[in-house]
Amino acid sequence: MKPIILFQVLVLLVSNCYSQKAPVSIIPQPVSLETTAGKFRLGQNTVIQINSDNDELRRVAAYLSAKLSGPTGYLMPVKIVKLFSKNNIHLTLSGGNKGIKEGYELNVTASGVSLTADSGAGLFYGVQTLIQLLPAEIESKKKISNLSWTIPGVKIKDYPRFGWRGILFDVTRHFFSKKEVKDFIDHMAKYKFNLLHLHLSDDQGWRLQIKSLPKLTEVGAWRPERKGKWNNTGKPSANEPKSYGGFYTQDDMLEIIKYAGDRFITILPEFDVPGHSLAALASYPSLSCTTDSTYAVNVGETIANWHSDGPIALLDNTLCPANEQVYTFLETVFTEVAALFPAEYIHIGGDECLKTFWKNNPAILALMKREGLKDMDEVQSYFIKRVANILKSKGKKLVGWDEILEGGLPPEATVMSWRGMKGGIQAANAGHQVVMSPEDFVYCDKNQGEWTAEPASSGMVRLKKTYSFEPVPNGIDEKLILGAQGNLWTEQIQNMRAAQYMLWPRGLAIAECVWSPKKSKNWPDFVRRVEHEFTRMDIGEIKYAKSMYDPMFRPAMEGDLVKLTLDTEVSNLKVHYSYDGSFPDNYYPEYTRPLIIPKDVNDVILVTYRNGKQMGKLIKMPVAELRTRIK
């Protein structure tokens with residue numbers, strides 16, 4: 001009798017230990033999550049049941065059916081029923097659940113799945129959570145056989161913290177196809193982002209067809225091809241083939257807008273003016289203040305000297321605020337854009353406007369005298385206010401980068417703060433609505449780890465720094481902060497795999513910052529969930545960075561030798577190193593205290609391990625580089 005009882009106890013203990021090994025992993029973290037007993041298993045006969053013929057309800061159910069049926073091989077039909085039956089998935093539009101537009105409630109038991117929301121958007125976000133509860137193999141593009149498709153028992157109540165949860169995708173510096181943009185949208189949708197900010201014009205290209213201004217894409221969408229590092233190129237010659245680039249026809253864009261809308265993502269178009277306008281000037285040179293220049297679409301060559309006391313333009317890349325043709329041009333552009341995009345906002349850029357060529361221009365000086373403008377900032381403000389009126393006449397609201405604050409701003413304008421938080425604070429204190437997008441937290445074109453082992457970029461933003469982002473500054477009315485977004489600029493990004501590497505996993509951190517309650521943020525638990533998501537990304541063939549596993553370097557001098565202190569973002573890592581030029585593994589010396597590097601060592605090579613498995617990259621750090629950093 002006793003051996004039988006002992007065996008039963010052991011079975012119970014093993015069962016409990018097994019359940020504890022697989023805690024629920026959802027990104028972004030829900031508002032409320034309770035695990036319950038039991039689990040639901042999908043099967044050949046599972047049906048997705050909906051309670052009405054509502055268009056959004058049917059659309060979300062069809063999305064879920066397609067997502068589940070491919071990897072499982074099950075049909076997953078959608079059926080409208082009056083009464084839900086057991087052992088199925090139930091989707092309900094409730095029509096009266098606390099008025100939380102994007103919220104949802106999800107209950108999973110052994111007898112079925114119940115998902116309820118007030119809106120199609122809420123249902124869609126609940127579906128994303130449901131998918132994350134399934135085994136990682138649900139991300140497979142192929143059918144997976146001999147797998148138990150189980151969902152753990154949970155009770156979830158969830159809704160977003162902010163209404164603006166965005167990612168900027170720069171399709172101008174390097175062009176991405178319609179299919180690639182759709183893939184980008186799919187990856188955003190998984191993590192409950194609801195806004196895709198498309199950067200559609202810049203010095204390097206104009207990416208949207210404007211039917212009344214055909215040269216914008218005939219000329220402005222194309223440039224000579226460059227394959228190397230950004231800014232490591234010379235000015236194109238006049239006879240170089242302009243074979244690199246592309247643009248979206250208006251039909252293409254309507255298709256993208258619908259695709260995004262089906263996933264409850266709004267497309268925010270940006271046309272960057274008055275600066276960053278070489279592609280427009282190459283197409284229509286008369287829009288410039290500078291009549292003696294020959295304009296060409298930029299290939300990445302330097303067009304300005306950047307100094308701490310202000311940039312100096314080497315070439316005028318601005319639309320001329322004193323040129324009436326400019327406002328006729330913008331009226332034409334925004335008439336077609338406003339008719340195309342359902343978004344209530346249009347982004348007009350307004351950043352990094354190099355005013356070097358304005359300062360002594362007769363037309364600009366005459367404008368200043370006529371309008372009583374005292375400096376170049378007020379000249380730009382004059383331009384922004386006129387553009388705001390154009391947009392207002394089209395039923396659209398203006399949003400721009402924080403430079404639009406300089407010189408004064410229309411009261412209805414929204415400010416996107418990118419140069420840190422200060423622009424957003426200034427705008428909110430002046431009563432403007434704000435979207436926070438500070439480069440020191442959420443710029444996804446910057447390195448995620450040690451720059452000597454990362455792709456070329458303009459700085460560093462590690463995952464933990466992004467996760468620490470708080471969109472609402474102390475003392476600011478939270479109602480004025482619409483939300484936040486991460487920005488993926490593509491000067492250094494030439495293909496989609498490179499874009500994925502730079503966005504993930506930082507995009508996961510941004511998703512949690514804009515969706516989850518501030519009080520629920522927990523770095524160690526987030527790391528656990530990110531690692532779980534890595535497995536899903538591997539199966540889904542998504543590229544991502546493992547830079548969170550790479551050590552951080554803090555060099556100092558001890559006498560005439562370099563003293564190297566190493567830190568890691570992630571716990572439970574062991575750092576191994578070599579001095580002799582060989583590549584270390586977990587049998588090499590382990591870092592346990594700051595290293596005093598011998599005089600005869602040229603390079604320290606490091607790698608991180610956990611439980612005998614390599615986690616980070618091999619990083620070769622020259623001692624000369626460490627000495628430079630100390631200086």
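A polar contact is a pair of N or O atoms within 3.5 Å; within protein, one must be able to donate a hydrogen and the other to accept it, and residues adjacent in sequence count only if both atoms are side-chain atoms. The side chain of Gln204 makes such a contact with the side chain of Arg173, at 2.7 Å. This is a predicted model, in which local features need pLDDT of at least 70 and side-chain atom pairs count only at pLDDT 80 or more, while totals for chains, interfaces and linings use all residues. Residues are numbered from 1 along each chain as its sequence is written, and side-chain values use heavy atoms, with hydrogens and water left out.

**Gln204**
- Gln204 sits in the loop between β10 (201-202) and β11 (205-206). Helices (H or I, at least four residues) and strands (E, at least two) are DSSP runs, numbered from the N terminus.
- Gln204 is buried, at 5% relative accessible area. Buried means under 20%, exposed over 50%, and partly exposed in between (1.4 Å probe, protein chains only).
- The side chains of Gln204 and Asn298 are joined by a polar contact of 2.9 Å.
- Leaving out residues up to four places away in sequence, Gln204 touches Thr172, Arg173, Arg223, Trp230, Val297 and Asn298. Contact means heavy atoms within 4.5 Å.

**Largest pocket**
- The largest pocket has a volume of about 1200 Å³. On a 1 Å grid over the protein atoms alone, a pocket is an open set of points where a 1.4 Å probe fits, with protein on both sides within 12 Å along at least five of seven lines. Grid points are joined across faces, edges and corners, and the volume is the space filled by probe spheres set on the points.
- Its lining has 43 residues, and Arg173, His276, Trp306, Glu352 and Glu491 lie nearest the centre. Lining residues have an atom within 4 Å of a point.
- By class, the lining has twelve nonpolar, 15 polar and 16 charged residues. Ala, Val, Leu, Ile, Met, Phe, Trp, Tyr, Cys and Pro count as nonpolar, Asp, Glu, Lys and Arg as charged, and the others, Gly among them, as polar.

**Helix α10**
- Helix α10 (residues 376-393) has 18 residues and reaches 26 Å from first C-alpha to last, close to the expected 26 Å. The expected span is 1.5 Å times one less than the number of residues.
- Buried residues of α10 include Met376, Val379, Phe383, Ile384, Val387 and Leu391.
- The buried residues of α10 pack against β14 (266-273), α8 (324-340), β17 (345-349), α9 (362-371) and β18 (397-401).
- At the start of α10, a side-chain oxygen of Asp375 comes within 3.2 Å of the backbone nitrogen of Asp377. Just after α10, Gly395 has a positive phi of about 80 degrees.

- Ile257 lies in α6 (residues 250-262) and is buried at 13% relative accessible area.
- Ile257 and Leu340 are 83 residues apart in sequence, yet 8.8 Å apart in space, C-alpha to C-alpha.
- Phe264, in the loop between α6 and β14, has a positive phi of about 60 degrees although it is not a glycine. Phe264 is buried, at 14%.

**Other backbone features**
- A cis peptide bond joins Val273 and Pro274, with omega about 0 degrees. Pro274 is in the loop between β14 and α7 (278-283).
- Another cis peptide bond joins Trp504 and Pro505, with omega about 10 degrees. Pro505 is in the loop between α14 (496-503) and α15 (506-515).
- Asn611, a residue other than glycine, has a positive phi near 50 degrees. Asn611 is exposed, at 78% relative accessibility.
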